[in-house]
Amino acid sequence: MNKPLRRIAIFCGLLVLALLLRDNYIQYVQADSLRTDTNNRRVAIERYATPRGNIIVNGDPITGYAETKKNGINDFVYKRTYKDGAMWAPVTGYASQAFGATQLEKLDDGILTGNDDQLFFRNTLDMLTGKAKQGGNVVTTLNAAAQKAAYKGLLSRGKGAVAAINPQTGAILALASTPSYDPSAFAGNTNDDAKAWNKLQKKNDPDDPMLNRALRETYPPGSTFKVVTAAAALENGLYTTADQHTSTPLPYILKGTRTELKNEGNIPCRNVSMRDALKVSCNTVFGKIGADLGKDKMQEEAEKFGFNSEQLTPVRSNASVFPKKMDDAQTALSSIGQFETAATPLQMAMVASAVANQGTLMKPYMVDKLQAPNLDVISQTEPEKLSEPLSESNAQILQSMMETVVKEGTGTKALIPGVTVGGKTGTAQHGVANSEKPYAWFISYAKLPDGSSPVAVAVVVEDGSASRDDISGGGLAAPIARDVMKAVIDSKK
Amino acid sequence: MSSSTNTPTHHTSTIGSIGAPSRRNTELALLVFAVVIPVFAYANVGLAIDDKVPTGLLSYGLGLGLLAGVAHLAVRKFAPYADPLLLPLATLLNGLGLVIIWRLDQSKLLQSIHQAGNAAPRQLMYTALAIALFVAVLFFLKDHRVLQRYTYISMVGALVLLLLPLVPGLGADLTYGAKIWISVAGFSIQPGEFAKIVLAVFFAGYLMVKRDALALASRRFMGLYLPRGRDLGPIIVVWAISILILVFETDLGTSLLFFGMFVIMLYVATERTSWIVFGLLMSGAGAVGVASFEPHVQTRVQAWLDPMHEYMLSRAGVQDGIIHSEQAMQALWAFGSGGTLGTGLGQGHSELIRFAANSDFILATFGEELGLAGVMAILMLYGLITERGIRTALAARDPFGKLLAVGLSGAFALQVFVVAGGVMGLIPLTGMTMPFLASGGSSVIANWALIAILIRISDTARRPAPAPAPSPDAEMTQVVRP
């Protein structure tokens, strides 16, 4: 009987071996993916086990933490709190015990909780010296005054969004979205938190307050897109100056169709220069420029400005759209920001910033640096060039055109005494047969006497309350842009 | 005697030659470690959870030490030549199990859902009962061959034990589907744990008598000697009973365990590989067949193939007549979060497994808090118990002892494989307990009885043969024995 006994011994050994192999697989090979799986509650437990580090604006924290009331079985010790939570929500996102984390709270979770690998050495040292673990800080590039101006301006207008950038570096200065939400309301793990959360969901609130309109909503950009079209005309040599007459008939019939491309009202657009066309916002002139250049050249220029790609700031921004498959008529419509063209507010701020920065587009970013708990800098974001949509001379031509818009055209409400402001209004139609209330747009930049530009801004207002005729970028959006630019300039002084 | 039957004796070195050491002092030294390690682990848990050495440390340490001491003295007295590893290994596992059960008792979450709270004191009491039974077995069972007399009584006993959970009013549906519990006077008992031992006695007695007949071959087919048709009877009966267990008690683990044990013993008794092939074919066919219509088995398989999906269904509260459980995924997360070295005792979150965290799923807590290193050590301990058991079978001089030892060891190994494999997601999950570690009276009592029987067989096997009577043939005998 001993021969089969030995075989059974080997068989039992193999059973144990199979278990050992499986154990190595789940505890070594798969360990990291299991440990960091967001459904694994330990991730959240760890996140709230220590006082969370702060998100910082202009040296002051806009976040905090509070000890969760101990009810015995709650395994989360601390919860997140926010100062002016609704105003900053498009920047911070939220960190909720019950509902997870988003945006900066999620992307820099490792730093904020103190669990990031970059803090490993320090944590080990702390463990040896018996110090409690702490979270690090995320220092943002935002400007509190500009953010406040943006948020206040939007609140008075209902729904909308603002994005402001420093054109020279790409640093994001303001990122506001209304209606907003206070992430403190559902930061915990109680029934009240769940109620607050449910109330904010799109199915219960058609205004969708949790949508980050500045980064995640794409709107038809309307006439503000004409800046891109003008840039394409200059870059491709279709016209070489701002004041050269264009050959534009009025009425202009869309190529290949019998449809007339109309202007808003009875404005002088026949054969006018690009400067005059931008000033009064002629659809015919820029529609024809788009059709003359063709979809490929238009697309190339739009993509240089950042269209058709996501931006990681590091919070992800949706890709703005410049359509790829179009006929000539559709190209003309797309070139005035209609048809399927759609842009995030951040994208249009990038357009203004590239013009202001002498044609160079900087990569937008909102995290200046990451700090260890003892304020040592762990990593610093260096400004980075994204592309060069315009030559310096063409950028200056386009600047002079945009400055005319503010001085004499549709954008006069953006004027700031003692500062040169260039801008472009937009009123974008949307909905089936353009039946819904249009979006009011304004993009602009401010230029200091030394020629440097500290801020470029894009504002969009979805004004549901105003009457259709009243909506124009110049009336609704430009004053907000002006306040934001002024706040940035004032804070520099 | 032909030379072929003599061959095995060349290798069975554990057959004690005259004057072999009893190894009782080795056992005692190992036992000291087996008691001290859990005591340190206990202190470790207390320090991690409350920042202080637990108040019960002394009584726990003394309690475990006393139990181990009593068991050791009993072995020293009644089975002095027994295998020295079995008792320390079982003590260590039992002690570590107690520590982890106590650790899970401290979880507020588990307390709030009545899955823990005072399980550790109860487990300590069951351990005391188990040691009492261990001593009783060693005391009353002077020779394991006595059990051979009860072959057919054992068969009846095993069947009764297996069918008890199906008796109306007695069966308790505690484990969400698997009906393997009965409740008597407020106690929940898992008769299957005891049936394991009783069945091994029956199989050993039966196969010892019938093995010659069962080994007869009818013809050769693809290199295998096929058994005669009429000899297929017993295996078909056992198979049918296993299938019935699977269908009516919906427990794949118990079913697999008993059938596997029978096939192992049949193979050892007859030395015919064809029985293994038949066994594998029949269990495969049975499992697939039952799974095709039994929804409970199907969910278990689903949860095994895609635990994440099952977790999502459970979280979403999907009501489709099947109980969806997030446990399989929770167990995997516990293991994964432990990583190579674990979080340290008392610092994990395995309470998230909730139901049966301290019984069927206790290995997950070891995985999280002691890591890959700890679980591998635990698995090696189980492996050692099994291999010592099979070594005992090799050393045993009588066929009944060999069969009984290999049956018990094989069943032990299969149970560890089925439970640990289920918790780690290697095979579908079944409702069985980790021997010695898991909280539960039936399991710990039955497994100590199993160790007692193995110790009895190994004592008989290693016991020095009576001094040979002075014989004029002595010289010649030595020539025969190389």
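Reader: What does helix α17 of chain A lie across?
Author: Helix α17 of chain A, residues 392-408, lies across β18 and β19 of chain A. The helix runs at about 75° to β18(A). Helices (H or I, at least four residues) and strands (E, at least two) are DSSP runs numbered from the N terminus; angles, from 0 to 180 degrees, are taken between N-to-C directions of axes fitted to C-alpha atoms, for helices over the stretch in contact.

Reader: What should I know about the model and its numbering?
Author: This is a predicted model, where local features need pLDDT of at least 70 and side-chain atom pairs count only at pLDDT 80 or more, while totals for chains, interfaces and linings use all residues. Residues are numbered from 1 along each chain as its sequence is written, whereas chains are lettered from A and ligands numbered from 1 in the order in which they are written.

Reader: Back to the strands. How many bridges join β18(A) to β19 of chain A?
Author: There are 10 bridges between β18(A) and β19 of chain A, the latter covering residues 436-447, and the two strands run antiparallel. Within this pair, W441(A) of β19(A) is the residue opposite G426(A).

Reader: In what order do the five strands of the open sheet in chain A come?
Author: The order in chain A is β9-β8-β20-β19-β18, and the pairing is antiparallel. Pairing requires at least two DSSP bridges between two strands.

Reader: And which are the edge strands?
Author: They are β9 (172-178) and β18 (420-430) of chain A, each of which pairs on one side only. On average, neighbouring strands of this sheet are turned by 10° against each other, direction ignored.

Reader: How about chain A overall: how many helices and strands are there?
Author: Chain A contains 18 helices and 20 strands. The C-alpha trace of chain A spans about 105 × 60 × 45 Å along its principal axes.

Reader: And how many in chain B?
Author: Chain B contains 18 helices and five strands.

Reader: Which domains does the assignment give for chain B?
Author: Domain 1 of chain B consists of two segments, 1-140 + 326-465, and domain 2 covers 149-292; such bounds come from an automatic or database assignment. The C-alpha centres of domain 1 and domain 2 of chain B are 24 Å apart.

Reader: How many residues of each domain does the contact take?
Author: Domain 1 of chain B contributes 23 residues and domain 2 of chain B contributes 28 residues, with residues in contact if their C-beta atoms, placed from the backbone, lie within 7 Å. On the domain 1 side, α16 (399-423) and α17 (441-462) of chain B each supply at least two residues. Of that side, α16(B) gives the most, with 12 residues.

Reader: New topic. How many residues does the contact take from chain B and chain A?
Author: Chain B provides 44 residues and chain A provides 33 residues. Helices of chain B that each supply at least two residues to its side include α5 (108-112), α10 (252-270) and α14 (327-338). The largest share of the chain B side comes from α15(B), with 13 residues.

Reader: What ipTM does the predictor give the complex?
Author: The complex has an ipTM of 0.89 and a pTM of 0.73.

Terms used
Two residues are in contact if their C-beta atoms, placed from the backbone, lie within 7 Å.
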